[in-house]
Amino acid sequence: MEKSVVFSNKLLPYLLLIPQLIITFVFFYWPASQAVWQSFLREDAFGLTSEFVGLENYTSLFAQPEYYASMLVTVVFSSLVAALSLSIALLFATQADKNLKAAGAYKTLMIWPYAVAPAVAGVLWIFMFHPSLGTLARPLRWMNFDWNPLLNGNHAMALVVMAAVWKQISYNFLFFLAGLQSIPKSVLEAGAIDGAGPMRRFWTITFPLLSPTTFFLLVVNVVYVFFDTFGIIDAVTGGGPAGATTTMVYKVFADGRLGGDLGGSAAQSVVLMVIVIALTAIQFKYVERKVQY
Amino acid sequence: MVEHRPLSDIIAYAILTLGIFIVAFPVYLALIASTHDAATVVGGRMPLSPGDQMLENYYRAVFVGGARTSREPVAQMLINSFISAFGIALGKIFISMLSAYAVVYFRFPFRKTAFWIIFVTLMLPVEVRIYPTYKVVADLKMLDTYAGLILPLIASATGTLLFRQFFMTIPEELLEASRIDGAGPFRFFWDTLLPLSVTTIAALFVIQFIYGWNQYLWPLLITTQDSMQTIVIGIKKMLYTTDELAEWQLAMATAILAMLPPVAVVVFMQRLFVRGLVETEK
């Protein structure tokens, strides 16, 4: 849809666009193209000179076992967080959708963790489960369970997953509730008249009608796990122990900063860009048209 | 509803109450920790009821800092967080409203190109191009400045898309009427478009304020001086000290202070928040 009535000024629209275009070029296109360019260079140890090495950064990147490990960590982490936060949020949303008297209050009490910074969420969870002082680590030790997320990779992963899920439930809950409320009641009534019980109605009517929302949330959650969980990981584990919670985004940060390997870090950035562009394309192709509020 | 079963309601209340408990417990624990002294918290036997050190802890966290002089008090971090969150929210609203106005209400060569140039930024969050962006900001001598904290984070298309979508829904008769009254582009923007956009602006502000306040990786990289730290990165630095025992009670007081502003925004401006969330993700 385009406006048919417009202003006819020639210069003004460019002036209006200038602030955003300048910021976009300086802080977006320039660095993004630098990342691509750097990924073909290698700097010496002091960062004084750099030479063009072609695809060498990429080949050495894909020769690193650590890189595949970080891919695996990313896949495990994203699937766990997405699956858990979506199903828990769906459970809560279906209960809140039951025309309860206090539904509004429940909604308010459920959505506020969205506002908690990922890094702060991470700090809260490491405090709860800290091996020596955590309130919830104590019962684990009583059960003779050798809980130590600072040394055991699986425990560390469990902890970052819990923190990430805790923070994401609110967002998924909000969208699931909106999705549930947009399902026409008449469809459910028709199902009830045909003799379908609540569970049957949920799986054969509600869940399929909710699938656009679910799919939209799935993509959003994966993007969330990729980028917004950086703060959680850095606060809880710092990518450790032994790389057990180093996701691909965390590795870009760690290699560039701690290791100083800018070419390799840039190559990782480019790989990530390709993944994100693919994810965004999926989001726009399949989600945009189907999700309705 | 189709049928009403009291049992199903009871289950619903039980599940939701459990959910709220899970959601609130980590924060409750932090709140409790911020009211005890260091020994109680570190000993691993912290009770689940508040202690009597609350005023002391918050006073020390906000105005004094940690035991060592190297630790900055939180007051300065809070100021930095407020400045950067407001800067990011207002800056994004400013640039995106102007560019959306240009794209919707004017016809000019390269209009589509300009829109696409802006649109593409949606695809790459700052985390992916973090070091090159760092280098640009360093070259522009913006490290440890508010401009450096703010500007790179407003280079995104969400606001532009939101305003474009909203402007499209404004009836054309309004523009025709304004033009008959002799209004130019400035008058129309100021007298008609801006008043109509108040809710959209507020919704975007709420979302961007939270986004700006909660930034972590970017301020972590570009602030080297303690006096420029935001509160979110300050907390983590309190915990990972090499030379002393972390002061958890102060870190937890800081965590509570860091949560308060964005959580208050969500709770008290819930309507705007939900609207902003739904519309920016579309």
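Helices (DSSP runs of H or I, at least four residues) and strands (runs of E, at least two) are numbered here from the N terminus. B:D144 illustrates the numbering, being found in the loop between α6 (130-139) and α7 (146-150) of chain B. The structure is a predicted model, in which local features need pLDDT of at least 70 and side-chain atom pairs count only at pLDDT 80 or more, whereas totals for chains, interfaces and linings use all residues. Residues are numbered from 1 along each chain as its sequence is written, and chains are lettered from A and ligands numbered from 1 in the order in which they are written.

Chain A has 12 helices and two strands, and its elements follow the order α-β-β-α-α-α-α-α-α-α-α-α-α-α from the N terminus on. Chain B, in turn, contains 15 helices and zero strands. Along the principal axes, the C-alpha trace of chain A spans about 75 × 75 × 30 Å, while the C-alpha atoms of chain B fill a box of roughly 75 × 65 × 35 Å.

Burial was assigned from C-beta atoms placed from the backbone, a residue being buried if 20 or more other C-beta atoms lie within 10 Å of its own, exposed if 12 or fewer do, and partly exposed in between. By this criterion, buried residues make up 43% of the 293 residues in chain A and 47% of the 282 residues of chain B. Two residues are taken to be in contact if their C-beta atoms, placed from the backbone, lie within 7 Å. Among contacts with a separation of 6 or more, residues 24 or more positions apart account for 70% in chain A and for 71% in chain B.

Between the chains, 83 residues of chain B are in contact with 83 residues of chain A. On the chain B side, the largest share comes from helix α1 (residues 6-33) of chain B, with 14 residues. The residues on this side divide into 63 nonpolar, 10 polar and 10 charged, where Ala, Val, Leu, Ile, Met, Phe, Trp, Tyr, Cys and Pro count as nonpolar, Asp, Glu, Lys and Arg as charged, and the others, Gly among them, as polar.

The contact is made by A:L124, A:W125, A:F127 and A:M128 of α5(A) together with B:P26, B:V27, B:L29, B:A30 and B:A33 of α1(B), and its residues comprise nine nonpolar, no polar and no charged.

A nonpolar core is a set of buried Ala, Val, Leu, Ile, Met, Phe, Trp, Tyr and Cys residues joined through C-beta atoms within 7 Å. The largest such core holds 162 residues, of which A:V120, A:V123, B:I235 and B:A255 touch the most other members. Helix α7 (residues 153-181) of chain A gives the most to this core, with 16 residues. When residues up to four places away in sequence are not counted, A:V123 touches A:A235, B:I235, B:K236, B:L239, B:A251 and B:A255.

Two individual positions in chain B also make contacts with chain A. B:N214, in the loop between α11 (198-213) and α12 (217-222) of chain B, counts as buried because 24 C-beta neighbours lie inside 10 Å. Leaving aside neighbours within four places in sequence, B:N214 is in contact with A:A117, A:P118, B:V232 and B:P262. B:T160, placed in helix α8 (residues 158-168) of chain B, is buried, with 27 other C-beta atoms within 10 Å; with the neighbours within four places in sequence left aside, B:T160 is in contact with A:Q20, B:S96, B:S99, B:A100 and B:I118.

Backbone geometry was also examined. Most residues other than glycine have a negative phi. B:F110, which is not a glycine, has a positive phi of about 70 degrees, and B:D144 has a phi near 60 degrees. B:F110 lies in the loop between α4 (74-105) and α5 (111-119) of chain B and is exposed, with 12 other C-beta atoms within 10 Å, whereas B:D144 counts as partly exposed, with 14 C-beta neighbours inside 10 Å.
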